Amino acid sequence: MRIAFLTGAGMSAESGVPTFRDALTGLWSRFDATALATEAAFRSDPALVWGWYRWRAAMVRRAQPNPAHVGIAEFARRGHLVDVVTQNVDDLHERGGASGVTHLHGRLFASRCLDCGTTRDPDPMLDGLDAIVEGVRETPPACDACGGPFRPDVVWFGEALPEDDWARAVAALERCELLVVVGTSGLVQPAASLPQLARERGARVIEINPGDSAVSQLAHERLRMPASSGIRMLLE
Ligand code: BV8
Ligand code: ZN
């Protein structure tokens, strides 16, 4: 069967990765995530924003994929045609065995020059991650080509989603027979408009989330439980 999984921060909650809103601790506790995850915030205080992403990258590096990540990969091992479309910037789907993951909002473990897009190998986002034990300000490295600051390769609020990733996600949601929406509050656009697409094309929609979300009313079935329990139930 052709199955699409649309996942959000709740997918990684059981790996101990704070959901997007919970990642605002310490230095960043006085900010609203939607204000911090923007180019304007970065330009006004690069060290504050770069330090936030480095702290988040260090936390994800120490986290492990949870049974929900591993369970999703099991569907493919059983011969289903699986598309994973995630809003998350962590690499836990891949580390849990999924392949061909579409990252709608970019990836945490990559960075590029804000001004000219130059990248560097090894990626500065990965440099000395293990040594980061608390969230601190950190001045981003300067680009070798133009001297601009490196920025994380994520999609900030107000930025367009990468066209090819968006097109892959739309294609996956249009062709799936079953859509499983896991751990998203369904508040961020345009990702939150995807479940409607699948529903309109006759897919069966199941939501796994302990709480209600803005997309719950689109689901034929709601499993009000954590991701690992919900995925395990679907595998039985
Ligand atoms: C764009 C990367 C235009 C960065 C992220 C007013 C109205 C409508 C829309 C807008 C508006 N004003 C602005 C907009 C557009 C804006 C938007 O949607 N804003 C919202 C907040 C109103 N969108 C954008 O700006 C997008 N771009 O529109 O561009 C454009 C077009 C063309 C040309 C130029 C410009 C870009 C959006 C992408 C932003 N980047 N991430 C980073 O990570 O730092 S979004 C970020 O927040 C995350 O990636 C994630 O997607 C989102 C958080 O959402 P969730 O994943 O759902 O997580 P959340 O914490 O909210 O919820 C967790 C859920 O898990 C809960 O439901 C909880 O119950 C559940 N849960 C908890 N534990 C578990 C669990 N579930 C299962 N198991 C558990 N154990
Ligand atoms: Zn540059």
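Trainee: Why is C113 called buried?

Mentor: C113 has a relative accessible area of 1%. Buried means under 20% (1.4 Å probe, protein chains only), exposed over 50%, and partly exposed in between. So C113 is buried.

Mentor: The model is predicted: local features need pLDDT of at least 70, side-chain atom pairs count only at pLDDT 80 or more, and totals for chains, interfaces and linings use all residues. Residues are numbered from 1 along each chain as its sequence is written, chains are lettered from A and ligands numbered from 1 in the order in which they are written, and side-chain values use heavy atoms, without hydrogens and water.

Trainee: What makes C116 partly exposed?

Mentor: C116 has a relative accessible area of 40%, so it counts as partly exposed.

Trainee: How do you know which residues are the protein donors of the zinc ion (ligand 2)?

Mentor: By distance. The SG atoms of C113, C116, C143 and C146 lie 2.2 to 2.3 Å from the zinc ion. Donors are N, O and S atoms within 2.8 Å of the metal (3.2 Å for Na, K and Ca). The donor residues follow the spacing C-x2-C-x26-C-x2-C in sequence.

Trainee: Why is the site of the zinc ion (ligand 2) called tetrahedral?

Mentor: Its 4 donor atoms make angles of 101 to 118°. Four donors count as tetrahedral if all angles lie between 85 and 135 degrees. The site of the zinc ion is therefore tetrahedral. The ideal angle for four tetrahedral donors is 109.5 degrees.

Trainee: How many aromatic pairs are there?

Mentor: The structure holds 4. F5 and F75 form one of them, 5.3 Å centre to centre with 55° between the planes. Rings of Phe, Tyr and Trp (its six-membered ring) pair if their centres lie within 6.5 Å; planes under 30 degrees apart are stacked, over 60 edge-to-face, the rest tilted. The F5–F75 pair is tilted.

Trainee: What does the pair of F5 and F75 tie together?

Mentor: F5 lies in strand β1 (residues 2-7) and F75 in helix α4 (residues 67-77), so the pair joins parts 70 residues apart in sequence. F5 and F75 are buried.

Trainee: Why is the pair of F42 and W156 called tilted?

Mentor: The ring centres are 5.5 Å apart and the planes stand at 35°, so the pair is tilted. F42 sits in helix α2 (residues 39-44) and W156 in the loop between β5 (150-154) and α6 (163-175), 114 residues apart. F42 is buried at 0% relative accessibility, and W156 is buried at 1%.

Key. Helices (H or I, at least four residues) and strands (E, at least two) are DSSP runs, numbered from the N terminus. Four donors count as tetrahedral if all angles lie between 85 and 135 degrees; four count as square planar and six as octahedral if opposite donors are over 155 degrees apart and all others between 65 and 115; anything else is irregular.
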